[in-house]
Amino acid sequence: MPTDHPEFVHPSMPGEADRLIAEAIDAATAADRVVVGPWLGEVGFEVLYWIPFLHWLFERHGIEPARVTVVSRGGVESWYDGLCGRYVEIFDALTPEEFRRATIELWAATGGLQKQVVVRPWDEQVLDATLGQEWRSQALLHPQLMYRLFRNVWQAALPLRAFLDRAVHRPWRRPEEVVTSSLPEEFTAVRLYFRESFPDTPENRTLVGEVVERLAARRPVVLLNTGVVVDEHLDAEPVDDPRILRPLSGASPARNLGVQSAVLARARLFVGTYGGLAHLAPFYGVPTIGFASDPSEINPVHLALARRTASAYGTSLAVVDRPAFELLDALSDLQPAAS
């Protein structure tokens, strides 16, 4: 991550973190309303860090959720239960194509910087599009606060405890969506896509097909692929098979993550690429297997927190490559579904 941002403070001492938090709380206390966001980044950071941090911040410092407007994307209002009186959907104001184009252009202009370490013009454009000018007279609780506070944790310069002491994990409500009425009673949810830790190679494409085939032999597989593309990740599409269901194909961008959450929360098992939904599933108590063929692309701090989070929600997270999956498959006591 580039460090040439003068606004980007790297707190290495408790006093610096306390000062940043105090400044945010002072602004929130002085304003009639508070805007949280806009969240424009990855699902993993949003659920592992941002939302637990917000719960701690609000509870510790008495920020009333009724005064809060959350701005995010994909219909994730249920993720923010207990944190806001109003949720505003980014894709009600912008198309996925506009979002993706602006995001990729920003990455190119900043040398690949993806994190919201400052309030950028793109963040302001999103706020203008979703809230008009009203946000400018309100307190803005922007994700930059989280990145300023915890970057040194992610780089292992501070212990994970520096985050855990500022995080609260509340129960997550299962979203109610119409699509869940057509689901099998028991199923495995699957979302496999290509990224740095699971690149698009012939070997990984073969692995995707074999994994889905083995899962489908045990119980129905429900793909979480929606066709909505907002970043550089491309879904891996298994072959057509009557045991593989695709109920979310063509989902509205404004409900994209919401409907995936609703299905995911009802699954017996989630299998997917490590990251994103593999971080989300444990919040619903769903056992999770995440694939990563290149472990060098995994931040060990994020992985440690993801495993701790899974344990806190009474479930488990396994991150595997092909040999490890073969071992899990051999040891599994799950029986094939009756034909």
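**Chatting through the cavity, the sheets and a buried helix**

The largest cavity in this predicted model holds about 30 Å³ of space.

User: Hi! How many cavities of 30 Å³ or more turn up in the whole structure?
Analyst: Hi! A search of the whole structure finds one.

User: Which residues line the largest cavity?
Analyst: The lining is made of A24, A27, A28, V34, A139, L140 and L141. The elements giving two or more residues to that lining are α1 (14–30) and β4.

User: You mentioned β4. What order do the strands take in the four-stranded sheet?
Analyst: The order is β3-β2-β1-β4, in an open sheet with parallel pairing. At the edges are β3 (86–89) and β4 (139–141), each pairing on one side only. From one strand to the next, the twist averages 25°.

User: Which helix packs on that sheet?
Analyst: That's helix α2 (residues 43–61), which touches β1 (34–36), β2 and β4. The direction of α2 makes about 135° with that of β4.

User: Back to the strands: how many bridges are there between β2 and β3?
Analyst: Strand β2 (residues 68–72) pairs with β3 over four bridges, in the parallel sense. If you'd like a spot to look at, V71 stands opposite V88 in β3.

User: New topic. Why is helix α8 largely enclosed by the rest of the structure?
Analyst: Nine of the nine residues of α8 (residues 256–264) are buried, so the helix is largely enclosed. Among those buried residues are N256, Q260 and S261, along with L257, V259 and L264.

User: What do the buried residues of α8 pack against?
Analyst: They pack against α2, β5 (188–191), β7 (221–223), β10 (269–273) and α9 (277–280). Helix α2 is also the one that packs on the four-stranded sheet.

User: Where do β5, β7 and β10 sit in their sheet?
Analyst: They belong to an open sheet of six strands, in the order β9-β7-β5-β10-β11-β12, with parallel pairing. The edges are β9 (244–245) and β12 (317–320); each has a single partner strand, so one side of each is left without a neighbour in the sheet.

User: Last one: how many bridges join β10 to β11?
Analyst: Four bridges join β10 to strand β11 (residues 288–291), and the two run parallel. To find the pairing on screen, look at T273, whose bridge partner in β11 is F291.

How values were computed. Residues numbered from 1 in each chain as written. Predicted model: local features only at pLDDT ≥ 70, side-chain atom pairs only at ≥ 80, totals over all residues. Heavy atoms only, no water. Pairing = 2+ DSSP bridges. Axes fitted to C-alpha atoms, helices over the stretch in contact; angles between N-to-C directions. Contact = heavy atoms within 4.5 Å. 1 Å grid on protein atoms, 1.4 Å probe; cavity = no way out; pocket = protein on both sides within 12 Å on 5 of 7 lines; lining within 4 Å. Points joined across faces, edges and corners; volume = space filled by probe spheres on them. Buried < 20%, exposed > 50% of the residue type's maximum accessible area, 1.4 Å probe, protein only.
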